[in-house]
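Morning, everyone. I have one structure to walk you through. Take a look at it first.

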Amino acid sequence: MAPSREAMVNRGDEDEVCPVCKSSRYLNPDMRFLINPECYHKMCESCVDRIFSSGPANCPVAGCHKTLRKNRFRKQTFEDIHVEREVDIRRHVMTVLNRREEEFDSKLDWDNFLEQREEIIFNLVNGIDVGKTEADLQKYAADNMGSIRANQALEAKEVTSFQERQNQEQELARMRRQAAREEYENERKELLAGREDVLTRLASGRPADAAAIAREGQKVMLKKSSARRSEEERIRQKQAALRGTEAKKPGQPTAAAEEGGSGLIKGLKKIKTPEPEKPYDPFGGIVPNQRDYFTLQDHYPSTFLDPIRQDTRMLAGGYDLQEYYSRTMLEAFAGLGCFIDDEVSQRQAHSFNVMKPVGTQGAALAATPASRAGE
């Protein structure tokens with residue numbers, strides 16, 4: 001049943017009266033009402049300053065025991081307080097659940113996410129499982145803070161880019177209007193100058209040349225107008241090409257889903273973690289000091305090398321027996337990985353398969369295995 005007119009009038013009177021000090025806007029036209037998102041109870045600005053200037057305090061409205069702070073009070077935007085509350089809840093939820101369509105695997109997953117977000121907003125607005133819903137939102141925000149901030153940055157960048165494009169379009173429109181006015185003025189001045197020139201030439205010339213002078217003046221004016229139109233068309237095409245280039249610029253990358261998410265949102269694309277870059281190896285996997293066939297010892301008994309170990313003249317010159325041992329052992333075992341017979345057989349097989357070119361058709365026929373078998 002629709003409310004009566006009297007009830008609507010009484011409700012309007014109640015909205016114009018502060019529930020704390022009972023002051024009326026009728027007696028004080030400059031009265032400003034403020035609300036707090038904690039409880040959405042409306043009270044005048046004087047009561048807010050008087051009650052909450054010294055610090056947080058309980059809401060003075062009867063039955064409301066929520067703690068309010070002065071910095072949270074603001075002016076009411078919508079006439080209906082329920083709409084005001086729903087808008088605030090929607091803004092809060094969409095700030096947390098700010099996923100983008102590019103982050104989902106399919107259009108169905110994106111639609112499911114939108115439906116899930118609207119269901120969360122509906123529950124908070126109508127007081128259904130508020131505690132559980134708020135806990136899920138807080139857990140999701142804590143687990144996905146990086147992606148939330150990245151999407152907020154992308155959204156802010158898109159808004160800034162949109163405003164810049166709007167400003168550019170407005171500036172271009174202003175420049176086009178100014179160019180049109182200047183063009184009109186220049187065309188009018190040229191027309192007047194052309195007429196004056198024709199009149200001057202007619203006044204100073206002979207009567208028989210009047211038709212020729214008039215035709216020449218018309219040709220000059222047509223050439224100028226044609227050149228002006230060509231220049232305008234060139235500028236217009238250049239501006240269109242620039243706008244097309246800006247439109248083809250790639251979009252901003254979207255934030256990826258973080259590992260270890262809360263599981264509140266389904267259907268997000270999987271993160272592909274790139275493999276860590278391997279350190280640079282100048283030897284291409286070859287270990288210079290690796291010995292596959294022997295182990296280098298510190299000392300090898302030798303009647304020729306033992307005296308050198310104690311000879312200060314050799315040691316003073318920088319001679320190192322360990323370097324000699326290493327080089328000698330490497331040369332001794334260097335050929336163990338090479339098998340000469342296998343390499344020769346492979347080379348011979350390759351030479352048989354690849355025949356050398358012959359000079360004539362008869363020689364080619366003689367070189368075939370079938371002809372050799374017939375012989």
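Buried means under 20% relative accessible area, exposed means over 50%, and partly exposed is in between. Also keep in mind that this is a predicted model.

Start with helix α2, residues 45–52. Which residues of α2 are buried? They are Cys-47, Val-48, Ile-51 and Phe-52. Those four cover an arc of only 100° around the axis, so they sit on the same side of α2. Now turn to the face pointing away from that buried side. There you find the exposed residues Ser-46 and Arg-50. And what do the buried residues of α2 pack against? Four strands: β1 at 33–35, β2 at 43–44, β3 at 57–58 and β4 at 67–68.

Next, backbone angles. Most residues other than glycine have a negative phi. Here are two residues with a positive one. Lys-22 is not a glycine, and its phi is near 60°. You will find Lys-22 in the loop between α1, residues 5–15, and β1. Tyr-40 is not a glycine either, and its phi is positive too, at about 60°. Tyr-40 belongs to the loop between β1 and β2.

Buried or exposed: what is Lys-22? Its relative accessibility is 59%, so Lys-22 counts as exposed. And Tyr-40, buried or exposed? Tyr-40 has 13% relative accessibility, so it counts as buried.

Last stop, Asn-98. Find it in the loop between α3, residues 81–96, and α4, residues 107–126. Its relative accessible area is 8%, under the 20% cut-off, so Asn-98 is buried. What does Asn-98 contact, leaving aside neighbours within four places in sequence? Ile-148, Asn-151 and Gln-152. With Ile-148 there is a polar pair to look at. A polar atom of the Asn-98 side chain lies 3.1 Å from the backbone oxygen of Ile-148.

Now follow the contact to Gln-152. This residue is in helix α6, which covers residues 145–204. At 33% relative accessibility, Gln-152 counts as partly exposed. Not counting residues up to four places away in sequence, Gln-152 touches Thr-95 as well as Asn-98. One distance to finish. Gln-152 and Val-96 are 56 residues apart along the chain, and their C-alpha atoms are separated by 9.4 Å.

That's my tour. Over to you.

Conventions: Residues numbered from 1 in each chain as written. Predicted model: local features only at pLDDT ≥ 70, side-chain atom pairs only at ≥ 80, totals over all residues. Heavy atoms only, no water. Buried < 20%, exposed > 50% of the residue type's maximum accessible area, 1.4 Å probe, protein only. Arc of directions from axis to C-beta. Contact = heavy atoms within 4.5 Å. Polar contact = N/O pair within 3.5 Å; in protein donor to acceptor, adjacent residues only side chain to side chain.
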